[in-house]
Structure formats: structure tokens, C-alpha cells
Amino acid sequence: MTKVAIIVGSLRKESLNKKFAQAVEARLPEDVEVAHISVDLPLYNDDVEMAGVPEDVQAVKDEIASADGVLIISPEYNRGYSGVVKNALDWISRPYGDNSLNGKPVAVAGVSPSPLGTTQAQSQLRNVLLFLNTRIMGQPEMYVDGGRFFSEDGGIHVEAEGMLQSYVDAFMNHIKQ
Ligand SMILES: Cc1cc2nc3c(=O)[nH]c(=O)nc-3n(C[C@H](O)[C@H](O)[C@H](O)COP(=O)(O)O)c2cc1C
């Protein structure tokens, strides 16, 4: 059994990035177990960590540590990735010396309602993930223009189908390497 942890960096109910995560999940092989990682965590605070890692944070760290691969799907806010993702990564990297992402195969993706499709957010995210010593999937990249990707009926456009399945297959291969 392969376990994939999915982090979506939006708290919004109708989030495009959540919709994209669902589309990815639906295309994973049947024997893949998915852990949905909550980013609705307390703001990182060294004092809180010193007093004891909060239970919800520890639960996230444990899910990540036991995953074979991690997928991070983030919106772009002001040309950066979302604050809740950064906060989650900061917690996941702590306490010092206990980075739950160390050596993990990771892929990134992101959706925005624009043709740029989170390029700058993902570029920043990749830098941080390098520092966190993850094994980042280089290709294919996945910059999603929500308007062109999702169809009116709530699914995805036929033209996007091949691109999405290639991305999912590459991620599964990346995990196995
Ligand atoms: C504070 C803020 C800043 C934003 N900055 C960008 C941006 O730099 N680039 C972009 O493509 N979209 C930007 N957007 C639009 C978001 O991509 C859009 O709201 C998107 O739907 C958020 O993702 P979600 O649907 O998963 O919540 C911004 C939105 C907000 C609220």
C-alpha cells in the first residue's frame, strides 16, 4: 500500500485548489491511501513549541512522516504561496532535528484564475522544499489556469485530462524511485 499525503493551501470552502486536489485524488491508482493534511493549524510560535508540540500539529507531522510521498497544492497570494502552507511547513520542520519532510518525495501544483497559474508561488515553494531536504519532482510542472482547466459541469475540460493523468503518473513514478 502506498500512502500519499495531500496538503492544500486554501481554507476556502469553494477553493479551486481543493477542487484540483480532488481531481488528482480521483486519478490516483486504486491501492493508494490518501491522507488529507489540515493546514488549519495554530500560527507557529517557538514558545508554543517549547511548551509541547500541539496535538493537531503532531498529527500532521505523523501523517507526513508515514507517507510515501507528499503533494502540495497552493494558491498564489501576492506572487507568493499561501501563508497557511508556510505555517504548516514551519511546524512540519520542527522541533529542530525532527523535520518530518526530510528526504520525502514531493510534488507541487497550484491553481489560480489566471493564465500565470501560480508560477511564482510554486517557484518560491520549491526553494523552501529544497532547503527542507525533500526530493522534489522537477517535471512535469503543473501551473493551472482554473478558467481553462475546470468545466461548467464541475469536472475538468477534456483537453486537460491527458495533462493531469501524466502529472499523476509522474508523481507515482517519482515516489517509487
Ligand atoms: C490576498 C490575495 C492575493 C492574490 N494574489 C494573487 C496572485 O498573486 N496571483 C494570482 O494568480 N492570483 C492571486 N489571487 C487570486 C487567487 O489566485 C484566487 O483567489 C484563488 O481562487 C485562490 O485559491 P483558492 O480558490 O484555492 O482559494 C490573490 C487572492 C488573494 C485573496
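Q: In which strand does valine 106 lie?
A: This is a predicted model: local features need pLDDT of at least 70, side-chain atom pairs count only at pLDDT 80 or more, and totals for chains, interfaces and linings use all residues. Residues are numbered from 1 along each chain as its sequence is written. Helices (H or I, at least four residues) and strands (E, at least two) are DSSP runs, numbered from the N terminus. The run at residues 105-112 holds valine 106, and that run is strand E6.

Q: Which residues does glutamine 124 contact beyond four places in sequence?
A: Glutamine 124 lies in helix H5. With 16 other C-beta atoms within 10 Å, it is partly exposed. Its C-alpha is 6.7 Å from that of glycine 80, 44 residues apart along the chain. The contacts of glutamine 124 are Gly80 and Tyr81.

Q: At roughly what angle do the axes of H3 and H4 cross?
A: Axes are lines fitted to C-alpha atoms, for helices over the stretch in contact, and angles run from 0 to 180 degrees between N-to-C directions. The axes of H3 (residues 55-65) and H4 (residues 83-92) come within 9 Å, and they cross at roughly 80°.

Q: Which residues of H4 meet H3?
A: H3 contributes Val57, Val60, Lys61 and Ile64. By class, this contact has 6 nonpolar (Ala, Val, Leu, Ile, Met, Phe, Trp, Tyr, Cys and Pro), no polar (the others, Gly among them) and 1 charged (Asp, Glu, Lys and Arg) residues. The H4 side consists of Ala88, Trp91 and Ile92.

Q: Within what arc do the buried residues of H4 fall?
A: Val84, Val85, Ala88, Leu89, Trp91 and Ile92 are buried in H4. Directions from the helix axis to the C-beta atoms give the arc. These residues line one face of H4, because the arc seen down its axis is 160°.

Q: Which elements give two or more residues to the shell around the ligand?
A: The shell holds 14 residues, counted as near if the C-beta atom, placed from the backbone, lies within 6 Å. The closest are Ser10, Ser15, Asn17, Pro75 and Ser112. The elements are helix H1 (16-26) and strand E4 (76-77).

Q: Is threonine 118 buried or exposed?
A: Phi of threonine 118 is near 70°, a positive value in a residue other than glycine. Threonine 118 is found in the loop between E6 and H5. With 31 C-beta neighbours inside 10 Å, threonine 118 counts as buried.

Conventions
Two residues are in contact if their C-beta atoms, placed from the backbone, lie within 7 Å. A residue is buried if 20 or more other C-beta atoms lie within 10 Å of its own, exposed if 12 or fewer, and partly exposed in between; C-beta atoms are placed from the backbone.
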